Amino acid sequence: MRHARTSLNDVTFLGVGRDPGILSGEAASLPDFDLKTVYSSPARRCLETVKNLAPELQPFTDERLQEIEYGTAEGWSYEKLHEHHPEIIQGWSEGGDQRFPGGGENIADVLTRLQSFIHELEEKNDEGTAMVATHNVVLRCLIGKTHMIPQQDWHWLSIPHAEPLEFKMLDGSLYVNIPRNRLGKIFDGLGAV
């Protein structure tokens, strides 16, 4: 799941450079899962979400679950990025996977670390349900990849805050188990101009 909403979930890039807590009253509730393990990004917003949802479990933090590194664009709006780095926006519009400026990541970087995490999780072969608290771009990568959506369109996916999104792992493959109406909301922005 994506962490609960923060005061910095506005129209600016919120990656690893700022570390806000969640807004009070923003924690979700979990379906009746028999949680065995909790994994979390080390970001405060994820750890607070986990604490509210599963206070009895100590989360394993994993850097691979961090949000995308926005580099020097952290805290900027899309418009400011366009103003200062029009070449990045141009590359994206041409289907490229440009990195954010000043040491930032691109989608391929996030996907690589996400796939590494999933592979390790599969190797552990834990029985039972695990909860993973992570971020918008990480979940866009996961849903985009599992639904075979062209990578240049993943930014249109609308990932909800603090709503469990269920995936099942079977024989080395990951399957999405999200109800159609919820997937419809996630896919609402696809094809937007």
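Predicted model: local features only at pLDDT ≥ 70, side-chain atom pairs only at ≥ 80, totals over all residues.
Ala162 lies in the loop between helix 5 and strand 4, where helices (H or I, at least four residues) and strands (E, at least two) are DSSP runs, numbered from the N terminus. Phi of Ala162 is near 50°, which is a positive value in a residue other than glycine. At 8% relative accessibility, Ala162 counts as buried; here buried means under 20% relative accessible area, exposed means over 50%, and partly exposed covers what is in between, with a 1.4 Å probe and protein chains only. The loop between helix 5 (136–146) and strand 4 (167–170) also holds Met148, whose phi is near 55°, again a positive value in a residue other than glycine. Met148, however, is exposed, with a relative accessible area of 73%.

Residues are numbered from 1 along each chain as its sequence is written, and side-chain values use heavy atoms, with hydrogens and water left out.

Seen as a whole, the chain contains 6 helices and 5 strands, and from the N terminus on its elements follow the order β-α-β-α-α-α-β-α-β-β-α. The radius of gyration of the chain is 16 Å, close to the 16 Å that the globule rule gives for 193 residues, so the chain is as compact as a globular protein of that length; this radius is taken over C-alpha atoms, and the rule is 2.2 Å times the number of residues to the power 0.38. Taken along the principal axes, the C-alpha atoms fill a box of roughly 50 × 35 × 30 Å. Of the 193 residues, 42% count as buried, and the chain exposes about 10,500 Å², of which carbon and sulfur atoms supply 50%; these areas come from the Shrake-Rupley method with a 1.4 Å probe, and for residues only the protein chains shown count as cover. Among contacts (heavy atoms within 4.5 Å) between residues at least 6 apart in sequence, 66% join residues at least 24 apart.

An open sheet of 3 strands has the order 2-1-3, with parallel pairing, where two strands pair if DSSP finds at least two bridges between them. Strand 2 and strand 3 are the edge strands, each pairing on one side only. Strand 1 (residues 35–40) is mostly covered, with 5 of its 6 residues buried. Strand 1 pairs in the parallel sense with strand 3 (residues 129–133) over 5 bridges, and in strand 3 the bridge partner of Leu35 is Thr129, while that of Val38 is Met131. Strand 1 also pairs in the parallel sense with strand 2 (residues 60–61), over 2 bridges, and here Ser40 stands opposite Thr61. From strand 1 the chain crosses through helix 1 (residues 44–53) to strand 2, in a β-α-β crossover that is right-handed, a term used if, with the strands pointing away from the viewer, the path from the first strand over the helix to the second runs clockwise.

Which residues of helix 1 are buried? They are Arg45, Cys46, Thr49, Val50 and Leu53, and they cover an arc of only 135° around the axis, which puts them on the same side of helix 1; the arc is that of the directions from the helix axis to the C-beta atoms. An α-helix has 3.6 residues a turn, so residues three or four places apart point the same way. What covers the buried residues of helix 1 includes strand 1 and strand 3.

In helix 3 (residues 86–93), Ile88, Ile89 and Gly91 are buried, and, seen down the axis, the buried residues of helix 3 fall within an arc of 160°, so they line one face of the helix. These buried residues pack against helix 2 (78–84). Just after helix 3, Gly95 takes a positive phi of about 90°.

Finally, Ile107 has its place in helix 4 (residues 107–124). Leaving aside its neighbours within four places in sequence, Ile107 is in contact with Asp97, Val137, Cys141, Gln151 and Trp154. Ile107 and Gln151 are 44 residues apart along the chain, and their C-alpha atoms are separated by 8.1 Å.
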